[in-house]
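Biologist: Thanks for sitting down with me over this one. Could you walk me through it, one question at a time?

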Amino acid sequence: MTGAPRLLVLWCPDWPVVAAGAAAGTPPAAPAAVFSANRVVACSASARRDGVGRGMRRRDAQARCPGLVVHQHDPDRDARLFEPVAAAVEAQAVGVEVVRPGLVAVPVDGAAAYFGGEAALAELLIDEVATRAGVECQVGVADGLFAATLAARRSALVPQGRAKAFLAPLSIAELNQPGDDRGELVGLLGRLGLRTLGAFAALAERDVAGRFPKDAIAAHRLARGLSERPPLRRALPPDLAVTEEFDHPLRRVDEAAFVAKTLGERFFAGLANHGLACTRLAIVAVTEAGEERVRVWRCAEPLTARSTADRVRWQCEGWLTARDRPTAGIVRLRLDPGEVVGGQALQLQLGSLGRDADAAERAGRALVRIQGLLGPDAVVTPLLDGGRGPAERVRLIPWGEPRRPVTADRPWPGRLPAPSPAVVSRRPAVVLDAVGDVVRCTERGELSYPPATVAVDGGSPRRVLGSAGPWIVRPGLPARRGLVRIQVVLEGDVALLLNAVVGENPQWTVEGFYD
């Protein structure tokens, strides 16, 4: 297994609120919250005491805290105002990496040895940030970025090699850190009874890979105190860095924003051509006077072209507006990938398109082109609607048309009880009773005899260990020709949903497989 590097993480609590308050000049102690799409993305401690929390609607938040100061989410502002904090840390330690505005990481070994230990280094950085940037912060030390981040939230210094034990009792909700987007996975694990990181870490890695979504593998490594991804064991091409020189020095933020977009796209395309994606980006700026500024951004997820451009823009804006800004304009920018992973880590599922604007835009254009070539029904997306059986409940909606359930709120007598099958199928089956006769269903909804064996698609018969049903539904059929469904559990831990038409000679069909 791959161990995790020992890191010191410095965390500024509620940074979006702190930055917004500093920009607006509001009192630091006032209850405040930052909103995006009318929902709370961050709030101050005083607002939390009044019941305000992340994800809450604006109306609900203001109802709980009438004096709430409202700020709009502005990532550019957060990054620009965080530059003095990063510079204060960099004045005492080398290798500073900005994880996101409000959070920086530092390799701890060299600096701790120089300043007399990890505790002395932590105290020094807290004082330095308070003095130079006027910001309160907390520090944590542990093996790996994830454990060190959670340690910083608790002001803990975790002994080397004890990250897994430190993480074990913590809530599974800690996996859903800002920017990680693991809310669905955390909800699924909670419903399965895995409520702590230790319980999740106890699962075998092969079971996680086979039973959970793809992002669960990285989350499982974090819960075990390991690096999020194994190291990339291949020689890297020498031409991954991207450099841009300017005839007219950059002195304004709008000029930097324009350059950042072009530079980000070039950098991303160059890595993609080699099947790579970047998780640690070094931004180097050289001024007309020969000054050099360097800042490293570490990312939990591989950078896209847009997220690369965002970080370049944020950093240039921070440099150009800081109190110790360069004495001349920027004449050269270089993007250097400090850490890369295989490009497959950046492949997004269709379910994530709504959460990534770049992916949604590219996919939308591609799907519309396919519809233009093959017709509107050539590209469809599934929608869960009303119905009696699993196959009936899935409607296929052509791409671009409104996705609204039409019949989900109807009663649907004869509807299949929960749970629904994991896989929907249409495979023939033979259902026999104990004496070898085909099991049939009478018009009263009774089976002729209990099922004893089931053979699927010409395979060998398997013994029935248990069964439920029958349930009769008549979706448009005459009363004497209804459809009957039964659930069976076969030897070998196989569970099936079977159906057949009521009558003397039924043809049984496997309608679904249960996981």
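Modeller: Gladly, and please keep in mind that this is a predicted model. Let's start with Leu 10, which touches, among others, Val 85, Val 89, Leu 103, Val 104, Leu 125, Val 129 and Val 139, leaving aside residues up to four places away in sequence.

Biologist: How many residues are in the largest nonpolar core, the one with Leu 10?

Modeller: Nonpolar side chains in soluble globular proteins tend to be buried together. Here Leu 10 and Leu 333 are the residues with the most contacts inside the largest core. That core has 54 residues.

Biologist: And how many residues make up the other core, the one with Phe 166?

Modeller: This core lies apart from the largest one. Ala 142, Phe 166, Leu 194 and Ala 223 are among its members. Its count is 35 residues.

Biologist: Let's turn to the open sheet of 3 strands; which strands stand at its edges?

Modeller: The order is E3-E2-E4, and the pairing is mixed. An edge strand here has a single partner, so one of its sides is left without a neighbour in the sheet. That describes strand E3 (39–43) and strand E4 (69–72).

Biologist: Which helix lies across E2, E3 and E4?

Modeller: The helix in question covers residues 15–24. Its direction is at about 105° to E2. The name is H1.

Biologist: Now for charges: which residue forms a salt bridge with Arg 295?

Modeller: Side chains of opposite charge can pair when their charged atoms come close. For Arg 295, the closest N and O atoms of the pair are 3.1 Å apart. Arg 295 lies in strand E10 (residues 292–298) and its partner in helix H4 (residues 75–90), so the bridge ties together parts that are 205 residues apart in sequence. The partner is Glu 90.

Biologist: Which residue forms a salt bridge with Arg 224?

Modeller: Arg 224 lies in the loop between helix H12 (215–223) and strand E8 (242–250), and its partner lies in helix H11 (residues 205–211). The closest N and O atoms are 3.6 Å apart, and the partner is Glu 205.

Biologist: One last point: how far apart are the axes of H13 and H14?

Modeller: Helix H13 (residues 253–273) and helix H14 (residues 305–321) pack at an angle of about 145°, and their crossing is right-handed. The H13 residues in this contact include Ala 256, Ala 260 and Gly 264, and those of H14 include Ala 309, Val 312 and Cys 316. The distance between the axes is 8 Å.

Conventions. Residues numbered from 1 in each chain as written. Predicted model: local features only at pLDDT ≥ 70, side-chain atom pairs only at ≥ 80, totals over all residues. Heavy atoms only, no water. Pairing = 2+ DSSP bridges. Helix = DSSP H or I, 4+ residues; strand = E, 2+ residues; numbered from the N terminus. Contact = heavy atoms within 4.5 Å. Axes fitted to C-alpha atoms, helices over the stretch in contact; angles between N-to-C directions. Core = buried A, V, L, I, M, F, W, Y, C linked by side-chain atoms within 4.5 Å. Buried < 20%, exposed > 50% of the residue type's maximum accessible area, 1.4 Å probe, protein only. Salt bridge = Lys/Arg side-chain N within 4 Å of Asp/Glu carboxyl O. Left-handed = near helix turned anticlockwise from the far one by under 90°.
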